[in-house]
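The following exercises are to be worked with the sequence and the structure at hand. Each task is followed by a solution in steps.

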Amino acid sequence: MADFDIVALGEPLVELNQTHKDQRQYLQGYGGDTSNAVIAAARQGARCAYLTRVGDDAFGRQFLELWQAEGVDTSGVRVDGEAHTGLYFVQHGPQGHAFSYLRRDSAASRMTPADLDCGLVERARFLHVSGISLAISTSACDTVFAAIERARAAGAQVSLDSNLRLRLWPVDRARAVLRETMRAADLFLPSMDDMQHLTGNDDPERTLDWIRDGGAAGVVVLKLGKDGSIIDDGARRTAMPALRVQAVDATGAGDCFAGSLLARRCQGDSWEDAVRYANVAAALSTQGYGAVDPLPRAAEVLARMKQPAG
């Protein structure tokens, strides 16, 4: 038996979210895709741990307090006295939310494969990483690949969220690295928005063909935002509808989806049941501001699933 259901690796970022688009007021919260995902998973009842570095600063200490309060093991978090904890701003407008980052040379970007010697990856059922984990620096990319090797050797499964950020790396490198990583993943979670940049098309079926032709052998769940998702298990493709809600802020919804899906798989759900649950959790997470505060807990998701559709 593994000690942890999910061990995630990546970059935490302090979040400053504009709650009123015409006012210069920002709500401080927490973000970072894999951190969001592991907190979402913990709120669904999964046993979770996080691997990263934070700065020896107030924000780094706040993250440690946050993870501990959420029941996420922090024995794999290093405090780096020579770097800062990353930061980003969210602004809202007619085209949705826009992000501005202050993350260059962040503590997390200084991760190295030696940071894996704490042994957490070998104690997990799932290792969860993302395109951002791969993109923030060369050493972080090396750390992700080293973690995947450790997970494979220990019999753990690998989950990859595409989370493409073209400000971090050129599209050609992103395409090459993500294709290599998705071949090693037991679960690949691309978004349609990301795949349009990588494939040049906006058709879900052709996108899934591109992923399979690229060597992905695991389960693929293509995220379509408000249109739900498609499960491709290698034998068939199943469309799963989204829950319609009045969204306030979609920041972190995809991360909530990933963490909730992994948690439910660890609890024995079929792929269809796990995706159905994750779709509801992700929709509920858009009803408040910020990436972490609105993440629902299991009781809230289950109660919503019992309500009639519509």
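**Exercise 1.** Determine where Asn 163 is found and whether Asn 163 is buried or exposed.

*Solution.* The model is predicted. Step two concerns the backbone: the phi of Asn 163 is positive, about 30 degrees, although the residue is not a glycine. Step three applies the cut-off for burial, which is under 20% relative accessible area. Asn 163 has a relative accessible area of 10% and is therefore buried.

**Exercise 2.** Carry out the analysis for Asp 105: in which loop does Asp 105 lie, and is Asp 105 buried or exposed?

*Solution.* Asp 105 lies in the loop between β7 (96–102) and β8. Its phi is near 60 degrees, a positive value in a residue other than glycine. A residue is exposed at over 50% relative accessible area. With 56% relative accessibility, Asp 105 therefore counts as exposed.

**Exercise 3.** State the strand order of the open sheet of nine strands, and explain why one side of β5 and of β13 is left without a neighbour in the sheet.

*Solution.* The strand order of this open sheet is β5-β4-β1-β8-β9-β10-β11-β12-β13, and the pairing is mixed. β5 (72–80) and β13 (237–240) stand at the edges; each has a single partner strand, so one side of each lacks a neighbour in the sheet. From one strand to the next, the twist averages 20 degrees.

**Exercise 4.** Describe the pairing of β1 with β4, and identify which strands helix α1 touches.

*Solution.* Begin with the strands: β1 (residues 4–9) pairs with β4 (residues 48–55) in the parallel sense, over four bridges. Within this pairing, Val 7 has Ala 49 of β4 as its bridge partner. Turn next to the helix: α1 (residues 33–43) packs on the sheet and touches β1, β4, β5 and β8 (124–130). The direction of α1 makes about 145 degrees with that of β4. A further helix, α4 (residues 138–154), lies across β1, β8 and β9 (157–161). Helix α4 runs at about 160 degrees to β8.

Definitions and conventions
Residues are numbered from 1 along each chain as its sequence is written. This is a predicted model: local features need pLDDT of at least 70, side-chain atom pairs count only at pLDDT 80 or more; totals for chains, interfaces and linings use all residues. Side-chain values use heavy atoms; hydrogens and water are left out. Two strands pair if DSSP finds at least two bridges between them. Helices (H or I, at least four residues) and strands (E, at least two) are DSSP runs, numbered from the N terminus. Axes are lines fitted to C-alpha atoms, for helices over the stretch in contact, and angles run from 0 to 180 degrees between N-to-C directions. Contact means heavy atoms within 4.5 Å. Buried means under 20% relative accessible area, exposed over 50%, partly exposed in between (1.4 Å probe, protein chains only).
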